[in-house]
Amino acid sequence: MASVAESSFPLLCQIKTQRRVVTSSTLRNSSLVRVSYPELPSGSLSFRCRSFVYGHRWKCVRRVEATGSDSSESASGGDEPEDALQATIEKSKKVLAMQRNLLQQIAERRKLVSSIKESTPNLDDGKASSKEEYGSSVIANTDATKKETMDGDGNRSVSPSSYGKSSLNKEPEAKSLSPSTESLKNSKQSSASVTSPEKPSDVAANGKPWSSVVASSLDPPYKPSSVVTSPEKTSPEKPSKSRAGAFWSDPLPSYLTKAPETSSMKTEEYVETREEKTPEVASSETNEPGKDEEKPPPLAGANVMNVILVAAECAPFSKTGGLGDVAGALPKALARRGHRVMVVVPRYAEYAEAKDLGVRKRYKVAGQDMEVMYFHAYIDGVDFVFIDSPVFRHLSNNIYGGNRLDILKRMVLFCKAAVEVPWYVPCGGVCYGDGNLAFIANDWHTALLPVYLKAYYRDHGIMKYTRSVLVIHNIAHQGRGPVDDFSYVDLPNHYLDSFKLYDPVGGEHFNIFAAGLKAADRVLTVSHGYSWEVKTLEGGWGLHNIINENDWKFRGIVNGIDTQEWNPKFDTYLHSDDYTNYSLENLHIGKPQCKAALQKELGLPVRPDVPLIGFIGRLDHQKGVDLIAEAVPWMMSQDVQLVMLGSGRPDLEEVLRQMEHQYRDKARGWVGFSVKTAHRITAGADILLMPSRFEPCGLNQLYAMNYGTIPVVHAVGGLRDTVQQFDPYSETGLGWTFDSAEAGKLIHALGNCLLTYREYKESWEGLQRRGMTQDLSWDNAAEKYEEVLVAAKYHW
Ligand SMILES: Nc1ncnc2c1ncn2[C@@H]1O[C@H](COP(=O)(O)OP(=O)(O)O[C@H]2O[C@H](CO)[C@@H](O)[C@H](O)[C@H]2O)[C@@H](O)[C@H]1O
């Protein structure tokens with residue numbers, strides 16, 4: 001047997017070009033292929049090929065060895081005439097030249113095709129339709145009547161007079177976010193050295209190291225991502241007991257003492273499954289020239305990271321409010337920028353798209369061993385990982401249900417499991433690993449994650465490059481309890497202080513949000529206005545001091561909206577019952593049709609001229625439902641219709657029922673949780689009321705504006721950031737605002753709004769047009785999130 005050449009694509013193409021007979025029992029990956037090749041001394045070639053036979057593309061990454069029935073003779077030099085060999089070499093050279101020429105042509109064609117694609121509009125039509133399918137499968141899941149019981153914290157009003165405009169855009173000093181040039185350089189170097197450790201031939205074009213891949217026949221085809229995880233990170237450091245003991249008086253959690261299985265995954269099995277890939281995917285894994293030109297660089301450029309968003313709810317799978325919407329949409333926007341993105345959420349029900357990954361882990365919660373399983377779906381470029389445990393099951397309609405300790409234990413289990421997902425859960429066959437990784441935790445429910453990341457791992461030199469960002473969607477809910485609750489979170493004693501908080505309302509108590517805010521590398525909230533408010537005594541709900549102390553890592557980023565899901569042009573809930581899709585172009589036809597359909601569906605008189613006022617939201621003190629109730633008699637004295645959709649506090653639910661009972665010809669109070677009805681009200685109403693006492697961002701006003709529905713809002717938090725007061729003189733603005741949470745002020749603003757609706761049609765249309773032409777997508781916000789993730793990454 002004589003070694004002829006190292007693996008080479010041209011050589012294989014040469015073999016193909018000359019139409020040699022290829023004999024192999026399976027012609028599959030990692031098989032021994034034998035090719036008849038009389039010009040060679042051996043008469044044939046055999047080679048072991050860890051190859052990719054997709055379409056007609058071949059790539060061989062191992063040594064090619066010449067062999068044959070007479071290989072022993074050839075190996076010894078035999079009687080091979082010198083000139084025959086020379087002729088073969090010459091021939092080979094010619095073929096190689098032809099081959100190069102061909103590849104050149106292919107590359108040029110590819111360039112041409114991609115430039116045609118770029119200049120062709122409606123390329124995302126396919127995406128829109130797939131989203132529609134995705135959305136429509138959801139209706140059954142989310143439409144059931146839901147009730148929400150959060151952690152039971154009391155509510156307090158925020159004094160509007162205390163909002164200082166000048167402070168609204170106050171953000172952390174740039175210098176405090178940026179590392180020194182030197183450390184940035186070092187970290188970049190270290191990141192570079194950890195992000196591309198494999199030999200080129202060992203790394204697929206999607207950046208996944210072959211060596212750490214597990215069989216995943218259950219997974220959908222994985223779209224290539226340019227994120228590379230380091231071997232160091234994909235094989236996380238295993239803490240030695242003695243090392244951990246030196247830092248930590250309490251015993252380490254049991255799962256820390258076991259080696260994560262990331263690196264022990266079976267390449268062989270993976271090789272089998274790779275054959276099932278489509279030619280399109282496979283082509284991205286060849287080393288063909290021209291491929292690089294075809295794939296544009298990620299928008300995130302060198303900032304591409306692995307991002308894991310962890311939340312208690314995620315639309316469309318689970319949702320009680322705005323948090324679910326954000327968890328469903330922000331990750332997709334980050335993925336569009338080129339990041340590898342995962343969402344981790346509890347599995348409250350069986351989701352058709354999600355498949356069992358077969359991974360099982362056990363965690364201790366309050367002394368009890370609990371097993372979790374992991375389900376996975378890959379949708380719109382995002383890995384959705386659902387953590388399954390009996391404690392989460394059947395809670396779709398009652399996500400925050402149960403008593404305080406039930407919720408606490410669920411969140412302890414969820415956060416313990418979530419923080420280890422990058423080690424154990426292969427997505428598309430490959431675990432994320434803990435290098436170049438940032439978690440985004442959301443609200444108090446997942447505020448334990450930054451604490452666990454620190455206490456279990458980073459304090460012990462593990463996951464030391466992993467960062468955590470904690471997003472405040474609503475600071476009124478904090479995970480409060482008696483100090484004794486600390487025993488449930490399973491942390492070293494010296495962590496107790498970070499949970500302890502004293503305030504005049506709760507006295508000395510245990511506060512999960514407080515600990516999360518301290519432990520996270522960065523803290524975000526969902527608007528600029530709210531980022532200012534939470535630093536005040538009125539708006540911080542007892543956490544303002546902690547936020548002020550951590551101002552350097554704190555920032556506000558206004559939410560975006562999912563412009564597929566909440567778009568009158570594509571909205572799947574407008575496909576039936578006489579509703580219709582519409583856009584700015586046919587607004588004057590489409591919106592009145594939706595209004596008539598809504599009136600009909602609700603049993604209200606179908607009248608195009610009467611202003612239809614809507615409200616959608618959780619029924620609690622925050623949303624100012626009581627202010628609407630106070631204004632109802634005035635409203636009903638006007639020629640208007642009012643429809644309110646909400647669930648929550650029983651007394652406020654009763655307000656809705658009473659209102660409908662009293663004004664049957666004008667008002668409807670829909671008590672329950674119906675995503676379909678929320679979409680239909682947003683499309684059919686002329687005006688949306690949001691008199692929230694405080695509103696971290698608010699999504700309904702954004703949805704409303706995208707549907708040509710005019711918001712009337714209390715200028716607070718994100719509402720003030722996003723709804724600019726209408727100015728009839730300059731014909732600017734997006735809606736009506738009022739400056740304090742009082743029924744009188746609401747009535748005044750709504751009165752002006754109704755006047756404009758009736759008397760100034762052109763102004764009204766201008767308001768609608770301006771609202772509908774705004775860029776409300778998540779793309780802008782995602783870019784800002786990326787800045788924060790990168791700042792966290794380079795900060796030690
Ligand atoms: N009865 C019902 N039936 C159907 N759908 C209903 C419904 N009640 C509410 N919804 C839906 O839930 C979402 C509510 O979002 P919001 O942002 O207005 O409020 P929420 O207070 O829950 O969110 C918190 O987090 C978000 C996200 O950051 C912040 O915008 C917000 O200010 C903060 O209070 C919307 O999609 C709305 O349509």
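A residue counts as buried when its relative accessible area is under 20%, as exposed when that area is over 50%, and as partly exposed in between (1.4 Å probe, protein chains only). The legends below describe a predicted model, in which local features need pLDDT of at least 70 and side-chain atom pairs count only at pLDDT 80 or more, while totals for chains, interfaces and linings use all residues. Residues are numbered from 1 along each chain as its sequence is written, and side-chain values use heavy atoms, leaving out hydrogens and water.

View 1. Let's start with one lysine: Lys595 sits in helix α20 (residues 587–602). Helices (H or I, at least four residues) and strands (E, at least two) are DSSP runs, numbered from the N terminus. Is Lys595 buried or exposed? Lys595 counts as buried because its relative accessibility is 4%. Leaving aside residues up to four places away in sequence, Lys595 is in contact (heavy atoms within 4.5 Å) with several residues, including Arg607, Asp609, Asp686 and Tyr757.

**View 2. The largest nonpolar core.** A nonpolar core is a set of buried Ala, Val, Leu, Ile, Met, Phe, Trp, Tyr and Cys residues joined through side-chain atoms within 4.5 Å. The largest one here has 153 residues, and Val344, Tyr374, Ile387, Val489, Leu491 and Phe499 have the most contacts inside it. Helix α14 (residues 404–424) gives the most to this core, with 13 residues. Domain 1 (301–556) and domain 2 (586–775) each provide at least three residues of this core; these bounds come from an automatic or database domain assignment. Look closely at Ile387: among the residues it touches, not counting those up to four places away in sequence, are Val344, Tyr374, Phe392 and Phe414.

**View 3. A covered helix, α17.** Seven of the eight residues of helix α17 (residues 512–519) are buried, among them Ile512, Phe513 and Leu517.

**View 4. The largest cavity.** On a 1 Å grid over the protein atoms alone, a cavity is a set of points where a 1.4 Å probe fits but cannot get out, and lining residues have an atom within 4 Å of a point. The largest cavity has 42 lining residues, and Thr320, Gly321, Gly322, Arg618 and Lys623 lie nearest its centre. At least two lining residues come from each of α13 (322–336), β18 (612–619), β19 (641–648), α23 (675–684) and α24 (700–706).

Methods
1 Å grid on protein atoms, 1.4 Å probe; cavity = no way out; pocket = protein on both sides within 12 Å on 5 of 7 lines; lining within 4 Å.
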